[in-house]
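User: I would like to learn how to read charged pairs and nonpolar cores in a protein structure. Could you take me through them slowly?

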Amino acid sequence: MLTSDKVDLLYSTLLKDNLNDAIIFGVENKSDFFDISSKGKIFNSKEMLFKAISKLSHFTPNTYKLKYGETSKKGLYGFTEQNLKHINTFVLDIDNLNYSLQDILLACIDNSIGAPTMVVRTPNGHQVHFVLNKPFKISSTRNFHSLNVAKRISLNLKDSLKSVEADRYCNDFGFFRVPKENNIVWLQLNETYSPEAMINWSEKMDDNLERCLYTNHQKQRYTNYLESSIFQKILSLTSIKGHSGKLGRNNTIFTIGLACYADGLSIVEATQLIYKFNNRLKFPLKLTEIQASIRSAYSGRYNGPNKLYIDQILEEHQIDQSYSKWYKFKKNRSERKYSHIHEWENDLVTYLESIQMSDSPYIKLTQKQICEHIGCQQSTLNSLLIF
């Protein structure tokens with residue numbers, strides 16, 4: 001068991017001094033997630049958090065913007081991804097007791113960015129923290145580009161720990177179990193990571209997986225989701241009930257709601273459709289949970305259903321995944337706005353090989369000249385030189 005002094009040092013390392021004009025959300029019970037507006041609490045200083053820590057079960061280790069007027073007699077507001085201010089830690093949920101702490105640590109060292117800063121024991125497994133040595137600031141500029149970069153880092157971390165079944169569908173920057181003396185099973189406060197190191201590692205993972213180097217999503221229009229054979233099959237499901245690491249009714253209803261929003265249905269039409277779907281389920285959701293999912297789907301923060309969630313629903317219920325008619329195939333480079341980093345690497349090699357320097361074994365070029373010749377940005381060239 002850890003001493004209270006070391007736990008205090010942990011929170012200082014985790015939260016740093018970035019609670020000025022920022023807040024952390026906390027709840028006393030996991031069940032409060034479904035009604036955070038009335039049962040959640042906010043903390044705008046480490047002192048406030050420390051006083052309440054013994055009563056809290058879960059909190060947001062990443063901070064949110066403090067917007068005055070968002071708390072009132074009607075409840076608590078502001079818990080949205082677009083309201084994130086700083087990311088202090090990337091947290092992975094391993095909801096499986098079959099994997100020991102040693103299994104997790106070896107997977108981190110062998111397959112991921114490195115050893116974690118902290119591992120917290122939960123009733124059903126572990127939560128793994130990769131703490132940053134300085135806050136990763138989230139900005140609304142460029143269509144929340146920084147948030148999209150952070151979400152890609154989180155996805156790559158989850159994929160790197162698939163051998164221990166890290167949950168790919170866990171909320172990237174939501175609620176996690178509060179670290180306490182009796183549940184921290186690994187703590188190495190010197191094992192922290194800079195945002196730059198996280199970005200560089202994630203770009204390498206993207207390259208290995210042939211994902212686009214850039215993560216700034218452009219709005220894409222897909223019509224007639226609900227008329228597709230895939231969504232018709234999803235709407236016919238009756239035995240949905242989530243469990244460890246699997247998508248359940250909330251995520252399925254949220255996905256249907258996003259399809260309704262993308263197809264241009266009014267919120268009334270979407271509600272009617274989803275109520276009918278819920279009534280056919282063997283284990284229907286409460287109406288309050290359905291209404292919360294529909295409100296979120298129609299909040300304007302999403303363009304359409306998440307392909308990752310759709311894939312999981314199809315796989316879990318053994319539905320044929322031939323849905324290429326409404327999900328685009330990979331485009332040729334000439335048709336894409338961005339290029340993969342391996343494509344820029346080939347451009348660079350081709351350019352250097354084309355330079356004839358018979359009188360010298362060396363080539364002298366500035367980075368600006370290279371960027372101009374191959375048509376890439378300075379940041380892309382920096383990534384190439386790192387690799």
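**Reading charged pairs and a core**

Analyst: Please keep in mind that this is a predicted model. We can begin with D172, which is buried, because its relative accessible area of 11% falls under the 20% limit for that word.

User: Which residues form a salt bridge with D172?

Analyst: The general idea is that side chains of opposite charge can pair when their charged atoms come close. Here D172 pairs with K158, the closest N and O atoms being 2.8 Å apart, and also with K151, where the corresponding distance is 3.2 Å. D172 lies in the loop between α5 and β10 and K158 in helix α5, so their pair ties together parts that are 14 residues apart in sequence.

User: Are K158 and K151 buried, or partly exposed?

Analyst: K158 counts as buried, at 3% relative accessibility, whereas K151 is partly exposed, with a relative accessible area of 26%. K151 also forms a salt bridge with E81, at 2.9 Å between the closest N and O atoms, and this pair links helix α5 to the loop between β6 and β7, 70 residues apart. Through shared partners, E81, K151, K158 and D172 are joined into one network.

User: And which residues touch the most other members of the largest nonpolar core?

Analyst: A nonpolar core is read by following contacts between buried side chains. In the largest one, which has 37 residues, F90, F130, L157 and M198 touch the most other members, and helix α5 gives the largest share, six residues. Among the residues that F90 touches are F130, L157 and M198.

Terms used: Residues numbered from 1 in each chain as written. Predicted model: local features only at pLDDT ≥ 70, side-chain atom pairs only at ≥ 80, totals over all residues. Heavy atoms only, no water. Core = buried A, V, L, I, M, F, W, Y, C linked by side-chain atoms within 4.5 Å. Buried < 20%, exposed > 50% of the residue type's maximum accessible area, 1.4 Å probe, protein only. Helix = DSSP H or I, 4+ residues; strand = E, 2+ residues; numbered from the N terminus. Contact = heavy atoms within 4.5 Å. Salt bridge = Lys/Arg side-chain N within 4 Å of Asp/Glu carboxyl O. Lists of a residue's contacts leave out its neighbours within four places in sequence.
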